[in-house]
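Thanks for coming. I will show one model and then go through it from the whole chain down to single residues.

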Amino acid sequence: MPQSELLRFLAHVRADPTLRQMMADALTADQVSLLAQERGFLVSGSDILRFHGQSASGIRISRIDHPGEYPGRYY
């Protein structure tokens with residue numbers, strides 16, 4: 001995927017406060033990529049992870065490390 005597709009999606013996120021909140025609420029890069037794909041952007045979870053630490057259109061991509069490999073797995 002050209003990085004331009006992700007940059008286009010981030011510009012779209014900036015213009016849509018509801019989408020911005022949905023993206024902030026997403027727990028995984030794959031969930032964010034589904035939000036993008038539902039809106040016609042060809043973005044994968046891997047694309048998003050590779051963009052970690054960078055920002056575009058005022059949106060910064062940060063990977064959050066959660067304790068445990070799979071939350072809730074050990075109940």
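First, the ground rules. This is a predicted model, in which local features need pLDDT of at least 70 and side-chain atom pairs count only at pLDDT 80 or more, while totals for chains, interfaces and linings use all residues. Residues are numbered from 1 along each chain as its sequence is written, and side-chain values use heavy atoms, with hydrogens and water left out.

Now the whole chain. The protein chain has four helices and two strands. In sequence order the pattern reads α-α-α-α-β-β.

Of the 75 residues in the protein chain, 28% are buried. Buried is under 20% relative accessible area, exposed is over 50%, and partly exposed is in between, with a 1.4 Å probe and protein chains only.

Next, the helix pair. Two packed helices are described by the angle between their axes and the distance between the axes. Helix α1, residues 3-15, packs against helix α2, residues 17-25, at about 115°, and their axes are 5 Å apart. The axes are lines fitted to C-alpha atoms, for helices over the stretch in contact, and angles run from 0 to 180 degrees between N-to-C directions. So α1 and α2 are roughly perpendicular to each other. That label covers 65 to 115 degrees; under 35 is roughly parallel, over 145 roughly antiparallel, and the rest oblique.

Which residues of α1 and α2 make the contact? From α1 they are F9, L10, H12, V13, R14 and A15, and from α2 they are P17, L19, R20 and M23. By class, the contact of α1 with α2 has seven nonpolar, one polar and two charged residues. Here Ala, Val, Leu, Ile, Met, Phe, Trp, Tyr, Cys and Pro are nonpolar, Asp, Glu, Lys and Arg are charged, and the others, Gly among them, are polar.

Now two residues in helices. S33 sits in helix α3, residues 29-38, and is buried at 5% relative accessible area. Setting aside neighbours within four places in sequence, S33 contacts V43, S44, G45 and I48.

D47 belongs to helix α4, residues 45-50. Is D47 buried or exposed? D47 is buried, with a relative accessible area of 7%.

Last, the loops. Between β1 and β2 lies S57, a residue other than glycine with a positive phi, near 55°. S57 is partly exposed at 30% relative accessibility. G58 is in the loop between β1 (55-56) and β2 (59-60), and is exposed at 69%. G58 and L10 are 48 residues apart in sequence, with a C-alpha to C-alpha separation of 8.3 Å.

How values were computed: Contact = heavy atoms within 4.5 Å.
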